[in-house]
Each structure stands twice: as structure tokens, then as C-alpha cells.
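Trainee: I am new to this structure. Please show me how to read it, feature by feature.

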Amino acid sequence: MSTTGASADPLAALGSLPGVAESVESVRKAVDRVYGHRVMRRRSNEVTSEAALRGARGSAALSGADWALEEVRRRTDFSGDDEARVVGAALRLTAEAGQLLSIWRQSPLRVLARLHLVAAAGRDDEVGRPRQAGEPVDEPLIELTPPDAAEVSGRLEGLAQLVIAGSSAPALVTAAVVHGELLALRPFVSHNGLVARAAERIVLIGSGLDPKAVCPAEVGHAELGRAAYLAALDGYVSGTPEGMAAWIAHCGRAVELGVRESTAVCEALQRGAA
């Protein structure tokens, strides 16, 4: 995303794109409904824990490890093969995200480095820093040509400046831009999709839209499917108003589907079935 131009608050400017206000309002109403559920008054911690598990499963599915929820719940060893390592990374990131909320607004690049360190544990000097010139990107599910290291550095700094400066933009818009920019840049040598979705999660929680972390957008992204995810990302990468609006709307639908998932959890808890 370009941070140049006449607008002093480019994120807020995105909120005026056609259809974005409707997406923002729809998400807000959906979030309000689940937070108003009677189960949330007494058992919100259980809903949060279940949302974290389901969100991690969804994020892993988009990175090629589409395991059944019960398999994720059952397993304790995530070192056996590539898929197991992806699921383990997604679970670690979901747990770590909640520990980084207070740091995000002051030092988003530090948070991103930490997220990559957590996701890609064991990759020596490639871990926890943006990729350098000549280093390849291992992100096979995203086929777009990644920008070179110099462009990555400049755009990461621009994104960090936007986060630190703050914005009057709705949380959905900010979260979608952070998510989309990280997918477009693929700033690390690996695990960029997992890191991007964890960063989206941090923005949604830290903004106050979803303070109890019960609206896992990762669930919705997985449910909408990889093809729709990549098509929406193409819109973001295009930089056109229509493409940006389509990406934000896609992220909004993902949040709403995450809300639906947690509403079902609330209903199950109310019935004593979960």
C-alpha cells in the first residue's frame, strides 16, 4: 500500500471507498451480537480459548495444513512432518499474539519480528528479521512475485509509521491493510501467511473491536477458501480503489464468519454440549 499522497490519514481514506462503510457496519453489528450473548457474561474465557484453537486451525489450513479441528485438539506433538509443523506454528502464533498487544502500537516491526521468530523457530539466522537481498521466499500457496528486499524494507517502514501514528480508520480497515500488506510483501523467508493473519488478529483485538478475542477471522478466511482469499489479495495488490475495497470486504466477511463460529460455541456451551 502506498503511504504517499494528499491524505494525512490514508487508512481513513480507505474507509470512504464504495462498500467499505457497509462492511464495517455489518462487522460491528455481528461483533456486538456475539458479545451480547448471555454465555459471554460468565464463560467468555472458554469462548476465547475455543476461538483461539479454531482460529489457529483456520490459519494453518490456509497455509496447507487443513486438519480436522479434533485432530488439532488431540495432538501434542507438532514436529513430525511439514503439516504438523505448520499447525504447531499457527498454535504458537495464536498464543503469542495476546502477549504482544501492548507493544504493537509502539513498535509493530518488533512485533512482526517476534511473530516470525515464534512461527519459524529453528531456522537460525533467517529467523525474526526481514529477508535480505537474494534470499528466496518459501510461501508456495501465494504465487505472486514478491517484491525485492529494498522495496520490502521501505514498505514495512511505511506500514509501521501508519500504525504508530494511529488512524481514525475503523479497525476492520486497519486490520485488512496490515494483513494485505504483509501478504503482498512476504517480508520473511517463510511463514508469511501465518504471520500476516496473526497480525490481523492483533489489530482486531488491540483496536477494541474484539477485545476478548472471540471473533477469529482466520476461521472465516479458511471457510471462504484459498481461491477467494488469493483473488481478494490480487485486488489488494492491484492498488485500485475497487481492489482495495474488495479486499477489505473479504476480510469483513471473514470476521463475520468467525463471529458465527463463536456464536455456535456459545450456543453449545449454553446447551451444555461443549
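Mentor: Start with one term. A residue is called exposed when its relative accessible area is over 50%, and buried when that area is under 20%. Asp66 has 57% relative accessibility, so Asp66 counts as exposed.

Trainee: What does Asp66 pair with in a salt bridge?

Mentor: Its partner is Arg57. The closest N and O atoms of the two are 2.8 Å apart. The general idea is simple: side chains of opposite charge can pair when their charged atoms come close.

Trainee: Before we go on, how far can I trust the coordinates?

Mentor: This is a predicted model. Look at pLDDT, the predictor's confidence in each residue. The mean for the protein is 94, and 96% of its residues reach 70 or more.

Trainee: Where does pLDDT stay under 50?

Mentor: Over residues 2–6. For that stretch the model has two contacts beyond four places in sequence.

Trainee: Back to charges. How many salt bridges are there?

Mentor: The count comes to 17. Take Arg43 and Glu46, whose closest N and O atoms are 2.8 Å apart. Both residues lie in helix H3, which covers residues 39–62.

Trainee: How do I read a pair inside one helix?

Mentor: Think of the turn. An α-helix has 3.6 residues a turn, so residues three or four places apart point the same way. Arg43 and Glu46 are three residues apart, about one turn of the helix. Now check the surface. Arg43 is partly exposed, with a relative accessible area of 27%. Glu46 is partly exposed too, at 37%.

Trainee: Which residue forms a salt bridge with Glu223?

Mentor: Arg260 does, with the closest N and O atoms 2.3 Å apart. Glu223 lies in helix H11 and Arg260 in helix H13, so the pair ties together parts that are 37 residues apart in sequence. Glu223 counts as partly exposed at 43%. Arg260 is partly exposed at 49%.

Trainee: Which residues are linked in a network of salt bridges?

Mentor: Glu50, Arg54, Glu70, Arg73 and Glu261. Read such a network as a set of linked residues.

Trainee: Now H11 itself. Is H11 enclosed or open?

Mentor: Count the buried residues of a helix to judge that. In H11, six of the eight residues are buried, so the helix is largely enclosed by the rest of the structure. The six are Ala217, Glu218, Val219, Gly220, His221 and Ala222.

Trainee: What do the buried residues of H11 pack against?

Mentor: Five helices: H3, H9 (171–185), H10, H12 (226–238) and H13.

Trainee: How do I read aromatic rings?

Mentor: Ask how far apart the centres are, then how the planes are set. The whole structure holds three aromatic pairs. In one, the rings of Tyr229 and Trp247 have centres 6.0 Å apart and planes at 50°, so this pair is tilted. Tyr229 lies in helix H12 and Trp247 in helix H13, so the pair ties together parts that are 18 residues apart in sequence.

Trainee: Are Tyr229 and Trp247 buried or exposed?

Mentor: Tyr229 is buried, at 3% relative accessibility. Trp247 is buried as well, at 0%. Ring pairs also bring in Tyr236, making a cluster of Tyr229, Tyr236 and Trp247.

Technical notes
Residues numbered from 1 in each chain as written. Predicted model: local features only at pLDDT ≥ 70, side-chain atom pairs only at ≥ 80, totals over all residues. Heavy atoms only, no water. pLDDT = per-residue confidence, 0-100. Contact = heavy atoms within 4.5 Å. Salt bridge = Lys/Arg side-chain N within 4 Å of Asp/Glu carboxyl O. Helix = DSSP H or I, 4+ residues; strand = E, 2+ residues; numbered from the N terminus. Buried < 20%, exposed > 50% of the residue type's maximum accessible area, 1.4 Å probe, protein only. Phe/Tyr/Trp six-rings, centres within 6.5 Å; stacked < 30°, edge-to-face > 60°.
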